[in-house]
Amino acid sequence: MVDRNAEGPQAGQKTALVTGSGVGGIGGSLATELHEAGYFVFCAVRQTSAIRQLLRPGMVAVELDVTSSDSVAAAARTVSARASDGLDVLVNNAGLATHRPALDLDLDVDGVVASMFDVNVLGVMRVVKAFSDLLIRAGGCVVNIGSIAPILPLPYSSAYNATKAALHAYGDCLHMELKPLGVDVLTMITGGVKSNLVRETSPSLPDHSRYLPVQKYWLQRVTASQDGAMDTDEYARSVVREIQKKKRPIWSWSGGSAWLAFFLHHFVPRRVRFYMMARKFGLHLLGR
């Protein structure tokens, strides 16, 4: 299903598709910035009616649920029918997040952890595979929205960190495999950005949690990404600048605290990083 705002790209116009293009979030800003940079933009969302206010001439909403192979395949057929020259940019932005201590995670098959992996990792894999022919045809670029969370690493987020670490590893391998086919892969190592990423409401730890004595530090972690967060549009502009480079990087760092994470990752021993993060989030007080 497509919400029409233009029939398709003009002759020679570059095309882009952004998953999770919700209004007010990173995806919506990325779609808008790509459009302003001259791209014909496919805004991929689960419910196209939810983003009608985002659309401008040269932007269309495409129904796409990254957790459904059928939905992804249908979206690829829709885009292929409109973008016969291929797809120049695919931005894998759709994501879920939850922040709980590892011992408090819901690990049921239909639980939140499984959902996170389905969206953040398997969803990206589904979309890349389905749109690969279009990307190769255009000599395009895949952009995966990663995170500084597993780089630092941030405590109380083991499952979320694992999804993003998996995404980074997938992107690195994908870079090598797609390069001979003329497709670039860029991983954005993203710090704090003001966004609508699904977060817990009225957060609290389970009554049986071993981490109740440091619950106030856990609460700080839940909101940490919004402390000193980069403006969403500013972040989107930084991503588009990387996309438009003649020689794109493999990893690029942007967002609040991204450059601090870059420094710690490259110049500070892992054990020291662990010590710093554990103290920042109160784990040195546990068990006292």
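This is a predicted model: local features need pLDDT of at least 70, side-chain atom pairs count only at pLDDT 80 or more; totals for chains, interfaces and linings use all residues.
Angles under 35 degrees count as roughly parallel, over 145 as roughly antiparallel, 65 to 115 as roughly perpendicular and the rest as oblique.

Residues are numbered from 1 along each chain as its sequence is written, and side-chain values use heavy atoms, with hydrogens and water left out.

I begin with two helix pairs. Helices (H or I, at least four residues) and strands (E, at least two) are DSSP runs, numbered from the N terminus. Helix H2, residues 69-82, packs against helix H3, residues 112-138, at an angle of about 15 degrees, and their axes are 8 Å apart. Axes here are lines fitted to C-alpha atoms, for helices over the stretch in contact, and angles run from 0 to 180 degrees between N-to-C directions. H2 and H3 are therefore roughly parallel to each other. Their crossing is right-handed; a crossing is called so if the near helix is turned clockwise from the far one by less than a right angle, and left-handed if anticlockwise.

Which residues meet between H2 and H3? Contact means heavy atoms within 4.5 Å. From H2 come Ser69, Val72, Ala75, Ala76, Val79 and Ser80, and from H3 come Arg126, Val127, Ala130, Phe131, Leu134 and Arg137. These residues divide into eight nonpolar, two polar and two charged. In this count, Ala, Val, Leu, Ile, Met, Phe, Trp, Tyr, Cys and Pro are nonpolar, Asp, Glu, Lys and Arg are charged, and the others, Gly among them, are polar.

The second pair is H1 and H6, packed at an angle of about 50 degrees with axes 8 Å apart. That makes H1 oblique to H6. The crossing of H1 and H6 is also right-handed. Among the residues of H1 in this contact are Leu30 and Glu33, and H6 contributes residues including Tyr235 and Arg237. The contact of H1 with H6 holds eight nonpolar, two polar and three charged residues.

Glu33 and Arg237 lead us to the salt bridges. A salt bridge is a side-chain nitrogen of Lys or Arg within 4 Å of a carboxyl oxygen of Asp or Glu. The whole structure has six of them. One joins Glu33 and Arg237, at 3.6 Å from N to O. Since Glu33 lies in H1 (residues 26-36) and Arg237 in H6 (residues 232-243), the pair ties together parts that are 204 residues apart in sequence. Is Glu33 buried or exposed? Buried means under 20% relative accessible area, exposed over 50%, and partly exposed in between, with a 1.4 Å probe and protein chains only. Glu33 is buried, at 11%, and Arg237 is partly exposed, at 37%.

Another salt bridge links Arg248 with Asp184, whose closest N and O atoms are 2.8 Å apart. Arg248 lies in the loop between H6 and strand E8 (251-254) and Asp184 in strand E7 (residues 184-190), so this pair ties together parts that are 64 residues apart in sequence. Arg248 is partly exposed at 21%, whereas Asp184 is buried at 13%.

A further salt bridge, between Lys245 and Glu242, has its closest N and O atoms 2.9 Å apart. Salt bridges that share partners also join Lys179, Asp184 and Arg248 into one network.
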